[in-house]
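Grab a pencil and work through these exercises on one chain. Try each task yourself before reading its solution.

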Amino acid sequence: MTKQWQVSDQREGAAVDLEGQVAVITGGSRGLGLEVARAFAARGARLVLAARGHEALDAAARELAAATEVEALAVDVAEDAERVVEAAIRRFGRVDVLVNNASELGPSPMPPLAEYPWRDLERVLRVNVLAPLHLTQLVLPGMRARRSGVVINVSSDAGVEAYAGWGGYGASKAALEHLSRTLGAELEGTGVRVYVVDPGDMDTEMHRLAEPGVDLSHLPGPEESAPAFVWLVERETAPFGRVQAQALLESRARGAQG
Ligand SMILES: NC(=O)c1ccc[n+]([C@@H]2O[C@H](COP(=O)([O-])OP(=O)(O)OC[C@H]3O[C@@H](n4cnc5c(N)ncnc54)[C@H](OP(=O)(O)O)[C@@H]3O)[C@@H](O)[C@H]2O)c1
């Protein structure tokens, strides 16, 4: 079982050039999702972006349309997963890469579990666990039929380590990681690859919500983690892996120098 936990030397899948590939990126309107969209667009991928707020989404779509074909959907992924995949199929005929990046932090400031409003936790689990699984279920038939596809689920160190106050969000990421591991086991040999990415601490709106009033300007921006997503699609061939974006990029840079 442990062989599935890290990106390994196992070579079963087929890494693919992003040129012409169709990528669905949830939460593609700002933060990490927008940076992954920019990085994928630079490699020639066609994009389907989903986020709730029109303004940021439209701005992202306008910018990216200068580089590639973009379909933008103002949806809540917890409510409208079908619309996202239907729009992708209608416009592009298929989904090759699914990046489950959109995420819900829960109440801010973050309450300890003993006082966590369970309705809020229900919402966190719907957005962070159930929506990614639902979207995966919707894209898998096409990926399996083509014997090719990549699902990347964005997690956090809070899904592995126990930090006081981060229990609701952390439990959702732990559940997402376990779903991913199980999917990796179930999809072995199908040509569909599943990866979990911990992007590391970044200076984004979500992080500022998690630590209100704390200056996070010393943290890296999400553009520093986004190249790891390109690398996983284009270069990795292991059927499953969990990676820390910065560690992956540093080890690749060292490998390139060595
Ligand atoms: N920032 C960090 O330090 C950090 C660390 C570890 C892991 N992560 C993970 O990295 C990922 C990206 O986070 P970020 O920091 O880039 O967050 P962000 O800047 O707040 O961006 C979140 C994106 O998701 C969208 N979104 C949120 N809820 C949604 C929903 N229900 N339906 C559709 N779209 C939704 C947002 O747009 P709307 O609000 O308009 O919908 C936005 O586009 C998340 O999975 C997060 O857990 C972040």
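**Exercise 1. Work out how the chain's radius of gyration fits with that of a compact globule.**

Step 1: the radius of gyration is taken over C-alpha atoms, and the globule rule is 2.2 Å times the number of residues to the power 0.38. For a picture of the space it takes up, the C-alpha atoms fill a box of roughly 45 × 40 × 35 Å along the principal axes.

Before going on, note that this is a predicted model: local features need pLDDT of at least 70, side-chain atom pairs count only at pLDDT 80 or more, and totals for chains, interfaces and linings use all residues. Residues are numbered from 1 along each chain as its sequence is written.

**Exercise 2. Decide whether alanine 185 and alanine 256 are buried, partly exposed or exposed.**

Step 1: A residue is buried if 20 or more other C-beta atoms (placed from the backbone) lie within 10 Å of its own, exposed if 12 or fewer, and partly exposed in between. Step 2: alanine 185, found in helix 5 (residues 167-186), has 13 C-beta neighbours inside 10 Å, so it's partly exposed. Helices here are DSSP runs of H or I, at least four residues long, numbered from the N terminus. Step 3: alanine 256 sits in helix 8 (residues 245-257) and has 7 other C-beta atoms within 10 Å, so it's exposed. Across the chain, buried residues make up 45% of the 258.

**Exercise 3. Describe how helix 3 and helix 4 meet.**

Step 1: find the axes, which are lines fitted to C-alpha atoms over the stretch in contact, with angles running from 0 to 180 degrees between N-to-C directions. Those of helix 3 (residues 81-92) and helix 4 (residues 118-146) come within 9 Å and cross at roughly 35°. Step 2: list the partners. Ala81, Glu82, Val84 and Val85 in helix 3 meet Ala131, His134, Leu135, Leu138 and Val139 in helix 4; contact means C-beta atoms, placed from the backbone, within 7 Å. Step 3: sort these residues, and you get seven nonpolar, one polar and one charged. Ala, Val, Leu, Ile, Met, Phe, Trp, Tyr, Cys and Pro count as nonpolar, Asp, Glu, Lys and Arg as charged, and the others, Gly among them, as polar.

Note on methods:
Helix = DSSP H or I, 4+ residues; strand = E, 2+ residues; numbered from the N terminus. Contact = placed C-beta atoms within 7 Å.
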